[in-house]
Amino acid sequence: MNRIVAVMKKQLKDTLKNMMTLVPFLLFPVIALIFTELVAKPSPDLPDTFFVSIFASMYTGYVPLVNMAAIISEEREKKSLRMLIMSNVKPFEYLIGVGGYVLLLCAAAGVVFGLIGAHSGTDLLRFVLVMVVGALASILLGSAVGVSSKNQGAAHALAMPFAIVAGFVPMIAMFNDTFARIANVLYTQQISIMVSDISASNAAFCRFAVIGANMLIFLMVFIFAYRKADLQD
Amino acid sequence: MMASVIAMEHIQKSFAGRMVLDDVNCSVEECEIFGLLGPSGAGKTTIINILIGQLKANGGAASLFGIGCGNLTEEVHAKIGMVLDESGLYSRLNCYDNLAVFADIFRVPKTRIKEVLARVKLEDAIKKPVSKLSRGMSQRLVLARAILHSPKLLFLDEPTSGLDPSTMLEIHNLLLECRKNGTTIFLTTHNMDEAAKLCDNVALLNEGVIVEYGEPDALCRKHNTAKTVKLLLKSGQYIELPCDGTAAKPIADYLAGNMVESIHSSEPDLETVFIKLAGRGLE
């Protein structure tokens with residue numbers, strides 16, 4: 001446990017000094033706040049939570065995926081991961097440490113998004129839970145990208161298409177019904193639907209089933225990538 | 001009898017059909033500084049990687065503290081400190097935070113961090129980010145990380161490569177101090193002066209084969225084929241005499257005449273020994 005905590009503490013200190021990682025964590029909630037206050041609230045045609053649901057699902061699909069891939073690939077490239085593993089940190093402890101840290105940040109972002117959307121009590125909890133589940137799926141996919149990339153450049157190139165699809169498809173789906181039907185198989189589309197009306201039961205079981213299926217696929221991709229990769233290299 | 005901290009028997013390793021290590025044998029005893037000398041590409045780093053369990057040998061057996069290198073336990077890893085070919089430092093974190101990560105991992109008290117930073121003379125750079133350190137300072141920080149948990153065995157892969165003489169001297173002193181405190185040191189280098197100064201035993205590695213093994217002084221004496229003494233006279237003239245009874249009288253005469261500036265023996269240095277055995281230099 002101390003090794004997982006050591007990795008998390010290291011990651012917190014590093015993130016605070018790494019604009020490339022820090023900015024995406026902060027950017028989406030800030031944009032959501034600005035758009036909600038300046039566009040959604042004054043507009044009679046838009047629900048107050050319009051931009052919150054767009055940016056929350058975008059955040060869930062994009063930020064954890066890109067950041068996990070960037071963190072792991074940087075550690076591989078700079079050989080600091082090799083040093084950790086040679087110092088008795090097991091690969092799974094490292095991945096839990098980094099993944100847990102990213103998940104905590106996503107949960108904190110979920111609280112911020114929820115508050116911007118004026119949710120409280122059970123609704124706020126449900127909002128955060130939905131975002132955390134979505135972030136977990138992105139973390140699995142980001143980990144797969146990270147472990148299969150030997151450097152940050154490769155990880156960025158590989159992560160970006162996945163992140164763009166996961167992050168932006170729900171927004172495009174809002175404007176095209178056919179696209180929306182196809183997008184239903186994607187976990188971020190289900191997140192988007194759930195966070196847009198968090199009070200409604202919203203066929204939650206089916207939606208979580210789709211997210212679970214996505215996670216299962218990502219887990220298999222991760223296991224395949226992990227077995228192929230040599231994290232000590 | 002002291003137990004071997006490191007033992008290698010008939011180690012073989014090949015990459016893509018090319019043999020890079022062939023029948024490597026050696027052992028390193030407790031509190032010994034052992035030097036593996038060889039030019040770049042001789043197989044030094046491959047040996048370290050096999051010993052720390054990162055590479056599997058194709059043949060032979062290697063062990064640390066009696067445990068096979070393919071099955072090193074957490075306990076064995078906790079006894080090892082390493083300075084490898086790449087620093088693995090966190091460039092955005094400062095010196096203290098870099099060591100704090102490993103202090104947490106090894107459950108070392110935080111007071112130890114300042115202690116080791118002082119030992120490598122980085123106490124003034126404690127809050128300096130690694131990205132702002134000079135190469136010498138970075139290397140000292142890597143060494144501080146390696147000794148943070150007071151390891152019983154240190155692996156040092158070219159620890160002073162590319163460093164200025166004063167930093168090199170500081171690192172040498174630190175290594176001698178570590179040895180005095182009971183640490184066994186396995187060091188690779190192509191700096192023969194470093195090996196001659198620090199090591200109790202050296203192995204000369206050429207193209208994956210240990211061509212010579214023993215104490216540096218003994219190796220130089222063994223390969224002293226010239227067997228002569230050289231006298232530098234105060235006039236600037238060099239006189240070379242055979243190293244036998246016939247030289248006794250002339251030497252005594254020069255000394256009696258107060259003509260001698262210095263007397264030199266003709267033992268080769270380690271690099272000359274290596275060139276003689278391998279047919280090429282260490283650089």
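Predicted model: local features only at pLDDT ≥ 70, side-chain atom pairs only at ≥ 80, totals over all residues.

I checked confidence first, as pLDDT (the predictor's confidence in each residue, from 0 to 100). In chain A, helix H8 (residues 177-183) has the lowest confidence, with a mean of 85, and helix H5 (residues 91-116) has the highest, at 92. Helices here are DSSP runs of H or I, at least four residues, numbered from the N terminus. Chain A as a whole averages 87, and 97% of its residues score at least 70.

Residues are numbered from 1 along each chain as its sequence is written, while chains are lettered from A and ligands numbered from 1 in the order written.

Next I looked at how H9 (residues 187-196) and H10 (residues 204-228) of chain A pack. Their axes (lines fitted to C-alpha atoms over the stretch in contact, with angles from 0 to 180 degrees between N-to-C directions) come within 8 Å and cross at roughly 150°. So H9(A) is roughly antiparallel to H10(A), a label for angles over 145 degrees. H9(A) brings A:Tyr187, A:Gln190, A:Ile193 and A:Met194 to the contact, and H10(A) brings A:Ala204, A:Arg207, A:Val210, A:Ile211 and A:Asn214. Contact means C-beta atoms, placed from the backbone, within 7 Å.

Last, I turned to the chain contact: 20 residues come from chain A and 18 from chain B. On the chain B side, H3(B) gives the largest share, five residues.

Technical notes. Helix = DSSP H or I, 4+ residues; strand = E, 2+ residues; numbered from the N terminus. Parallel < 35°, antiparallel > 145°, perpendicular 65-115°, else oblique. Contact = placed C-beta atoms within 7 Å.
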